[in-house]
Amino acid sequence: MKPELRGDYSRAGPDYAVEQNWAGYSAAEHALYRRLFERQAKLVARYACPEWIDAIARLESAGREIPRFDEVSRRLRAATGWEIVAVPGLIPDDAFFTHLANRRFPVTVWMRRPDEFDYIVEPDVFHDFFGHVPLLFDRVYADHLYEYGKGGLKAMRLDAVKMLARLYWFTIEFGLMRTEGGIRAYGAGLLSSGGELAYCVDDPRPRRLPFELERIMRTEYQIDRYQDAYFVIESFEHLMRETAPDFTPIYARIRNLPALHSP
Ligand code: HBI
Ligand code: FE
């Protein structure tokens, strides 16, 4: 992986899996995790989608300390057949897609520093666990992610990963959902963010666009600031339906069209 990544890749296997080494976390790291959890816990009732709220209730120990991945994996396997695979951080696309295509979600093992309480560039254990893991308990969401993983391996063969990564960005990381109670967040980047979780729902500035696959696949995104546009699904069933077709003709059609910036 790129040298500037901060995780310890020295003991990673060929699939980039590592031991979580739960005993290795310091009391300070558990305390920081708890502070992050408590900050978000104040916001999720108002801003998170119902599926996430239902799932976190089943992970009661999730707030006290950094979770034990093997313990959660046992619960997760029983619920949707998924499990957590501990990784040192960001991993190459083929390893990432292969894990998803085998119903394994890569969760980073390291914890951010206290000075990164409000913003962190690379996903740490809090972003990955708090943002991504609860929704893996939802059958439809989990099935979509499984299809995404298989689609990712295909996209690599078609040199279309850049287009597919935008789909992941505007759904799994920064997606919004329309619910009876109004717009709610399901994206992990939103659910784990101290500021963007309220912003994405309440702030009048960002655009909230109906889900449109081809438009999403053409839309550039910023990684170091709040999004100026979000895409809104009606439900995970809706997301599943919209992403069911074979993407090959779509890639061919949009590959050489200019990227869209402010969607
Ligand atoms: N690795 N650990 C980890 N987590 C991710 O979310 C991730 C990754 N590698 C590649 C990647 N995401 C994206 O490039 C793909 O969605 C395209
Ligand atoms: Fe993420």
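What follows is a chat about the aromatic rings in a predicted model.

Colleague: How many aromatic pairs does the structure hold?
Modeller: There are 18 aromatic pairs in this predicted model. One of them is Y148 with Y168: the ring centres are 5.1 Å apart and the planes meet at 40°, so this pair counts as tilted.

Colleague: Where do Y148 and Y168 lie?
Modeller: Y148 belongs to helix α6 (residues 139-157) and Y168 to helix α7 (residues 161-173), so the pair ties together parts 20 residues apart in sequence.

Colleague: And is Y148 buried or exposed?
Modeller: Buried, because its relative accessibility is 5% and the cut-off for buried is under 20%. Y168 is buried as well, with a relative accessible area of 11%.

Colleague: Okay, next pair. What kind of pair do Y186 and F236 form?
Modeller: That one is edge-to-face, with 5.3 Å from centre to centre and 85° between the planes. It links distant parts of the chain, 50 residues apart: Y186 sits in the loop between β4 (182-185) and α8 (188-191), while F236 is in helix α11 (residues 236-242).

Colleague: What are the relative accessible areas there?
Modeller: Y186 has 0% and is buried; F236 is buried too, at 2%.

Colleague: Which residues do ring pairs link into a cluster?
Modeller: Y33, F37, W52, F126 and F130 are joined that way.

Colleague: Changing topic: which ring does the charged end of R35 sit over?
Modeller: The ring of F117, at 4.2 Å from its centre. There is also R103, which lies over the face of Y146, 3.8 Å from the ring centre.

How values were computed:
Residues numbered from 1 in each chain as written. Chains lettered and ligands numbered in written order. Predicted model: local features only at pLDDT ≥ 70, side-chain atom pairs only at ≥ 80, totals over all residues. Heavy atoms only, no water. Phe/Tyr/Trp six-rings, centres within 6.5 Å; stacked < 30°, edge-to-face > 60°. Helix = DSSP H or I, 4+ residues; strand = E, 2+ residues; numbered from the N terminus. Buried < 20%, exposed > 50% of the residue type's maximum accessible area, 1.4 Å probe, protein only. Lys NZ or Arg CZ within 6 Å of the ring centre and 35° of its normal.
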